Amino acid sequence: MLEKTKVKDLMSKDVLTVELDEATVFAFEKLMKHKISAMPVVDEDGKMVGIVTATDLGHNLILDKYQYGTKVKDVMVTDVAYVSSDCTIKEAISVMFEKAPGDSIINQLPVLDNGELVGIISDGDIIKILKE
């Protein structure tokens, strides 16, 4: 099943994004409001240029590591792991493990086709198919 199912069959196509100049506190608020763990960061042309996570933003906000007005562009991760929509779920799982730091896993994996953000797949999406 994991070798046959494609990312495009499970991914969310309505991707919540954040812009480069958004304040970190508002980006974190957006993540919490929508109960998601990560958001791709897009430039003025809508091209993905990074990602922010609830864990990173929340941790640093709580520790007061950001100055007032710190922008997403100043704290985003720019080396973003991603998959294409034609990848299999098994391939996506491999990326989630191999590209994560340490012993962690990537929870939200952007889906890019020809450099364009077309979706996002989460560990929760994958768990749902395993349950079925």
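## A guided tour of the chain

Start in strand 5: the bridge partner of Val111 there is Gly119. Strands and helices are DSSP runs, numbered from the N terminus (strands are E with at least two residues, helices H or I with at least four). This is a predicted model, in which local features need pLDDT of at least 70, side-chain atom pairs count only at pLDDT 80 or more, and totals for chains, interfaces and linings use all residues. Residues are numbered from 1 along each chain as its sequence is written, and side-chain values use heavy atoms, with hydrogens and water left out.

**Stop 1: the hairpin**

Select residues 108-113, which are strand 4, and show strand 5 with them. The two strands pair in the antiparallel sense, over six bridges. Two strands count as paired if DSSP finds at least two bridges between them. Strands of a sheet pair through backbone hydrogen bonds, either parallel or antiparallel.

Now colour residues 116-122, strand 5, by burial. Five of the seven residues are buried, so this strand is mostly covered. Buried means under 20% relative accessible area, exposed means over 50%, and partly exposed lies in between (1.4 Å probe, protein chains only).

Next, pick Asn114, in the loop between strand 4 and strand 5. Two residues separate the strands of this hairpin. Asn114 has a positive phi of about 55°, although it is not a glycine. Is Asn114 buried or exposed? Asn114 is exposed, with a relative accessible area of 84%.

**Stop 2**

Select strands 1, 2 and 3. They form an open sheet in the order 1-2-3, with mixed pairing. Strand 1 (18-19) and strand 3 (48-53) stand at the edges, each with a single partner strand, so one side of each has no neighbour in the sheet.

Zoom in on strand 2, residues 38-42. Strand 2 runs antiparallel to strand 3, and five bridges join them. Click Val41: its bridge partner in strand 3 is Gly50.

Step back to Lys35, in the loop between helix 2 (24-34) and strand 2. Lys35 also has a positive phi, near 55°, and is a residue other than glycine. Its relative accessible area is 77%, so Lys35 counts as exposed.

**Stop 3: Cys87**

Select Cys87, in the loop between helix 3 (54-62) and helix 4 (89-98). Cys87 counts as buried because its relative accessibility is 18%. Which residues does Cys87 touch, not counting those up to four places away in sequence? They are Thr5, Lys6 and Val7. A contact means heavy atoms within 4.5 Å.

Then draw a distance from Cys87 to Gly124. The two are 37 residues apart in sequence and 17 Å apart in space, C-alpha to C-alpha.

**Stop 4: the whole chain**

Zoom out. The chain has five helices and five strands. From the N terminus on, the elements run α-β-α-β-β-α-α-β-β-α. The radius of gyration is 15 Å, close to the 14 Å that the globule rule gives for 132 residues, so the chain is as compact as a globular protein of that length. That radius is taken over C-alpha atoms, and the rule is 2.2 Å times the number of residues to the power 0.38.

Show the C-alpha trace: its atoms fill a box of roughly 50 × 30 × 25 Å, taken along the principal axes. Buried residues make up 39% of the 132 residues. Among contacts with a separation of 6 or more, 61% come from residues 24 or more positions apart.
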